[in-house]
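Look at the charged side chains in this structure. The text below walks through some of their pairings.

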Amino acid sequence: MDNPYLDVDKKIVSEIYTSSEQMDNLKILCDVYGSRFPGTPGDFGSVKWMVEKLKGYGIENAHYEAFKLPGWIRNPVRLEVTSPIEKEFDCISLPLGLGGEVEAKLVFLGDGPVDIYEKRKDEIEGNIVMVTSRTPLGMFRSLHRTEKFRRSVLAGAKGWIFMNHYPSRGPPTGGVVPIIPAVGVSYENGSFLTRLLEREGEVKVRITTNDKNIEMTTYNVVCDIHGTSRDEEYVMSGSHYDGHDVSQGAIDPCSGTVTILEMARVLNMVKDKLKRRIRLVCFGAEEIGCFGSYNYIAHHEDEMDSLRFMLNLDSIGGRPGPKGVVLVDNPELEPFIEQAAKEMKTALPYYQRLSLYGDSWPFFLKGVPCGGGGNPEALRTRTGRGYGHTKYDTVDKVESEDLRLAAANYSRLLLRVANAEDWPGKKKTKGEIEEFIKQQGYDQTLALVNKLRDYVRTWKEIPPDAKTWLNWSEREECLCI
Ligand SMILES: [Zn+2]
């Protein structure tokens, strides 16, 4: 197999494998700037640092774009059993949850499969639900925390406990909506509560949260490596840079963020070989609702037609194994990826699957061919996030070799997409988008957002934070919340 890009490939791969830039950048972003969660000092600090880094690589147009979002500030929280014993448990409140106090019976729903909320509505009504973070066995699609949360609230839950299903990893975090108080507990504490429930039949718990939901500003970092001839057309790759506030967010997302920076560095070195433009973006505020990518699209709407492909690299260094592509209903791209893998002498396994919960989703909704980096095999078997969304997602969990393979594979793939004369990617129509959502089993999941809004509007007293959420959730750049 001839490789028309052999010289460029050699330059890219040797640069990546003879440099420690990715790991060095990971350490700075995580150890110096912390979680980079919206509203923390490390958020804007890391953004300015990334822009300077990109300029240092020679990309003069690197800049940040600010936007507003409904932000959230963590405050002290309590979870107590009040009957039949009295005992306090370690817990953390979940981002965007409501500050307030609720005391009621505990209802444990296991992994919280889709049909359980309606089946046990009588028990759930007015009480506090606990579910695990595991995807229920036998599900084709993933069952996200937000879906379990929404279904619990719609069944009448007044408080919510999210139990880690991994032992020894503390309580999990993850964004919800400011409608009811919500907390995360460790596997060990959740297990204690389930044993107590089994032994006593009825257990009362009290959740007290004091979090504040307030408007904030955060950022997207954007840069372009210009093409030599057809610069108006472009290819894009991105990863969010914000981690959860309890964490360094080293795997999720920073292994992806530093891969974006590395691709910027090496692609800029071969820019004379690029026909079309490559745009690289580090999105802010993904963890609490993909605000960065929604806002990016709101501000770059007129550029969607000239966008060939969007590749999302969130958390790409988190797992060993091949770095392939998870496409979103783009079978027409499979031969292109096979050809690229042959030329590059690397494995680029692919798979077709929809995910609602990442920065490629808003692009999918615009009909742009898109996908995410990853190992399709691992995706088929995974039941949760591992260290992700816990305070143990730290720099020491990330391997240099994983970062390097990601940068080497995806920078060379982007180069090929940017240079292809006959790009096979097809824009989707509204009908095709809806059809794929249905086929993947997410149409009912999406309907939950409206159902939840209608449900909250029926409340006699709507807490002020919930009112603010209702207003935000009607804005086009916030469809996900
Ligand atoms: Zn992420």
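**Salt bridges in the predicted model**

Asp245 and Arg74 join their side chains in a salt bridge, 2.6 Å from N to O. The term salt bridge means a side-chain nitrogen of Lys or Arg within 4 Å of a carboxyl oxygen of Asp or Glu. This pair links distant parts of the chain, 171 residues apart. Asp245 lies in the loop between strand 11 (234-240) and helix 8 (250-269). Arg74 lies in the loop between strand 1 (63-73) and strand 2 (77-83). Helices (H or I, at least four residues) and strands (E, at least two) are DSSP runs, numbered from the N terminus.

The model is predicted: local features need pLDDT of at least 70, side-chain atom pairs count only at pLDDT 80 or more, and totals for chains, interfaces and linings use all residues. Residues are numbered from 1 along each chain as its sequence is written, and side-chain values use heavy atoms, with hydrogens and water left out.

How exposed is the pair? Asp245 has 22% relative accessibility and counts as partly exposed. Arg74, at 23%, is also partly exposed. Buried means under 20% relative accessible area, exposed over 50%, partly exposed in between (1.4 Å probe, protein chains only).

Now take helix 13 (residues 400-419). Arg404 and Glu401 form a salt bridge there, 2.9 Å from N to O. They sit three residues apart in this helix, so about one helical turn separates them. Arg404 is buried at 16%, whereas Glu401 is partly exposed at 47%.

Some charges form a network. Salt bridges link Arg230, Glu232, Glu233, Lys275, Arg276 and Glu421. The structure holds 36 salt bridges.
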